[in-house]
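The following note sets out, point by point, what can be read from the structure shown below. It is intended to be consulted alongside the sequence.

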Amino acid sequence: MRLFDGPMTVLACTDSTNTRLKELARKGAPHGTVLLALRQTQGRGRMGRSFISPEKGLYMSVLLRPECSPEKLPTLTPCAALAVCRALERTCGVKAEIKWPNDLLIGGKKLCGILTEGVADTDGSLAAVIGIGINLNTTAENFPEDLRSSVCSVLEVTGRETDVQSLAEAVTDALEDIYERWCAGDCTVRDEYRKLCVTLGKDVLVLRDGGAKYAGALDIGEDFSLLVEYPGGSRENISFGEVSIR
Ligand code: BTN
């Protein structure tokens with residue numbers, strides 16, 4: 001049986017699909033549960049930021065209960081980024097790039113953000129809620145003025161509207177394939193991610209521990225960390241913190 005065979009719950013509006021799915025997960029919702037919303041009033045992004053979620057976007061969360069060590073869970077985020085790229089290409093003919101670790105861009109503008117959160121069950125096991133927000137049929141006017149020049153949408157790129165549910169199903173199909181390979185430890189997932197990662201070969205600003213350092217982005221590690229080289233030649237694998245492309 002396929003992982004995402006169950007019905008997809010579609011909500012006209014919710015506060016945050018991640019918040020709702022985490023609640024369901026704590027009540028025992030099964031592996032593969034998917035929540036899709038057409039609008040969010042309190043969409044959440046990485047680093048405690050909010051994620052503006054106007055009407056006509058795609059906001060979905062997927063519950064996974066992998067049998068792996070908790071340290072491996074964050075690597076599901078790049079898997080989801082890859083799955084969204086595949087789904088966008090198949091469904092809309094859109095070729096997005098990945099800004100490490102998990103933003104999808106077109107022409108340097110943000111098209112999709114991903115937030116993975118862990119949920120501890122009463123028995124101590126960990127589940128992952130992967131939240132995906134895609135600017136689908138939105139236009140710049142749907143966003144606050146200060147964000148308009150840094151975001152884009154599938155509608156703006158293709159000139160036509162895409163059915164939200166069809167794209168959500170394409171994302172779950174692609175995620176299913178990638179998730180199976182991830183569970184098997186198949187390194188083709190990282191290879192495919194690396195090809196789409198626009199951060200590689202660029203100079204980046206590594207923001208961490210309240211400071212900022214310039215470095216060159218060299219490669220993606222087996223654990224999807226970013227290998228960078230600082231002026232002077234020292235290298236480091238970055239797993240956390242933010243990187244901005246210069
Ligand atoms: C980011 O770019 O910082 C991550 C954004 C993640 C947004 C998605 S939309 C669906 C899910 N529900 C949320 O509240 N957040 C995620």
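**Note on the predicted model**

1. The largest nonpolar core holds 61 residues, and those that touch the most other members are Leu58, Met60, Val84, Leu88, Leu104, Ile132 and Leu167. Helix α2 (residues 76-92) is the element that gives the most to this core, contributing 11 residues. Another core, of 8 residues, lies apart from it; Leu21, Leu35, Val119 and Ala127 are among its members.

2. Leu167 deserves a separate entry. Not counting residues up to four places away in sequence, Leu167 touches Leu58, Ala87, Leu88, Thr91, Cys92, Ile134, Leu136 and Thr162. Two of these partners, Leu58 and Leu88, are also named with Leu167 among the core residues that touch the most other members.

3. The ligand site comes next. The ligand is surrounded by 20 residues, of which Ser16, Gln40, Arg44, Arg46 and Lys110 are the closest. A polar side-chain atom of Lys110 lies 2.5 Å from an oxygen atom of the ligand. The ligand taken alone exposes 410 Å², and 98% of that is buried by the protein.

4. How many aromatic pairs does a search of the whole structure find? The search finds 3. One of them joins Phe51 and Tyr59 in an edge-to-face arrangement, with 6.5 Å from centre to centre and 75° between the planes. Phe51 and Tyr59 are both buried.

5. A further aromatic pair is formed by Tyr179 and Trp182: the ring centres are 5.8 Å apart and the planes meet at 20°, so the pair is stacked. The cut-off behind this description is that planes under 30 degrees apart count as stacked. Both residues belong to helix α4 (residues 164-183), where Tyr179 and Trp182 are 3 residues apart, about one turn of the helix. Tyr179 counts as buried because its relative accessibility is 8%. Trp182 is buried too, with a relative accessible area of 5%.

6. Is Ser53 buried or exposed? Ser53 has a relative accessible area of 6% and is therefore buried, although this residue sits in the loop between β2 (34-37) and β3 (58-64). The side chain of Ser53 makes a polar contact of 3.0 Å with the side chain of Gln40, a residue listed among those closest to the ligand. A polar atom of the Ser53 side chain also lies 2.7 Å from the backbone oxygen of Phe51. Leaving aside neighbours within four places in sequence, Ser53 is in contact with Arg39, Gln40, Gly43 and Tyr59.

7. The last point concerns Val10, which is found in strand β1 (residues 9-11). Val10 counts as partly exposed because its relative accessibility is 37%. Once neighbours within four places in sequence are left aside, the contacts of Val10 are with Leu36, Leu38 and Gln165. Val10 and Met60 are 50 residues apart in sequence, while their C-alpha atoms are 9.0 Å apart in space. Met60 is one of the residues that touch the most other members of the largest nonpolar core.

Notes
Residues numbered from 1 in each chain as written. Predicted model: local features only at pLDDT ≥ 70, side-chain atom pairs only at ≥ 80, totals over all residues. Heavy atoms only, no water. Core = buried A, V, L, I, M, F, W, Y, C linked by side-chain atoms within 4.5 Å. Buried < 20%, exposed > 50% of the residue type's maximum accessible area, 1.4 Å probe, protein only. Helix = DSSP H or I, 4+ residues; strand = E, 2+ residues; numbered from the N terminus. Contact = heavy atoms within 4.5 Å. Near = heavy atom within 4 Å. Polar contact = N/O pair within 3.5 Å; in protein donor to acceptor, adjacent residues only side chain to side chain. Areas by Shrake-Rupley, 256 points an atom, 1.4 Å probe, with all protein chains shown as cover. Phe/Tyr/Trp six-rings, centres within 6.5 Å; stacked < 30°, edge-to-face > 60°.
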